Amino acid sequence: MNNDSLATAEPADAAADPLHQQVYRTLREQLIIGNFHPGKSMSLRGISDMLGVGVMPCREAIRRLAAENALEVQQNRRVCVPHLTVARFEELMSARLALEPLCAKRALPHVDAERLERMIAHDDTMNRNYKSGSADVYMLANYNFHFELYRAGASEVLVPLLESVWVQFGPFMRTIYDVVEGTAIIDKHKMAIEAIRRSDAEALRTAIEADILDGMYLLRHTLGLGAG
């Protein structure tokens, strides 16, 4: 299998989960990597046909994602990805800035050599795909890099909150892939990796925060949200 395949950090026995849980994970991943564009409208039947499953497990998965504010169910029962308003953008970025540096610092003492190697592999996958590779692989590798770190802290509260934020934000983060090539931005993932090697919690917090701010800057200008 190609190292750049769409491999997630889901449990190895995920296929044994109920069908609605598998559908939920699939739709959630498609949102995280930005394959559902903001404003895109879909029917329940269209989603079930796309995934090759029945309507009932799709309905349950959509219900869960709507509860997370990642999807909206319209009055005509069509499903769509919410549009990004300035207020929504500010709230999502504020949530990331508040939660991710904290999750990173909490996780640092638990990042062993094996986990760090997986993070490095995810970053390498991003680097191979950020110019002429696969946007899907790039986006998923970015997600896996961050959550490989955050999950090391074994938080039962912060990580699920962050995952909900990323599911809501994925459709908009996809726009960065098309503009990042022309920007002169220092690789903050490399900074984070070096901070982990030194067990430097403050440097790790700074790297994660700077990474989020880079994305915030690119999104503001790409989506025309103003200078802030």
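Predicted model: local features only at pLDDT ≥ 70, side-chain atom pairs only at ≥ 80, totals over all residues.
Residues are numbered from 1 along each chain as its sequence is written, and side-chain values use heavy atoms, with hydrogens and water left out.

**View 1. Asn 69, a non-glycine with a positive phi.** Most residues other than glycine have a negative phi. Here, though, Asn 69 has a phi of about 65°. Look for Asn 69 in the loop between helix 3 (55-67) and strand 2 (72-73); helices (H or I, at least four residues) and strands (E, at least two) are DSSP runs, numbered from the N terminus. Asn 69 has 44% relative accessibility, so it counts as partly exposed (buried is under 20% relative accessible area, exposed over 50%, partly exposed in between, with a 1.4 Å probe and protein chains only).

**View 2. Ser 199, in the loop between helix 8 (188-197) and helix 9 (201-223).** Ser 199 isn't a glycine either, yet its phi is positive, about 55°. With 57% relative accessibility, Ser 199 counts as exposed.

**View 3. Helix 5 (residues 113-129) packing with helix 8.** The axes (lines fitted to C-alpha atoms over the stretch in contact) are 11 Å apart, at an angle of about 165° on a scale from 0 to 180 degrees between N-to-C directions. That makes the two helices roughly antiparallel (angles over 145 degrees). Contact means heavy atoms within 4.5 Å, and among the residues making it are Leu 116 and Met 119 of helix 5 and His 189 and Ile 193 of helix 8.

Definitions and conventions
Parallel < 35°, antiparallel > 145°, perpendicular 65-115°, else oblique.
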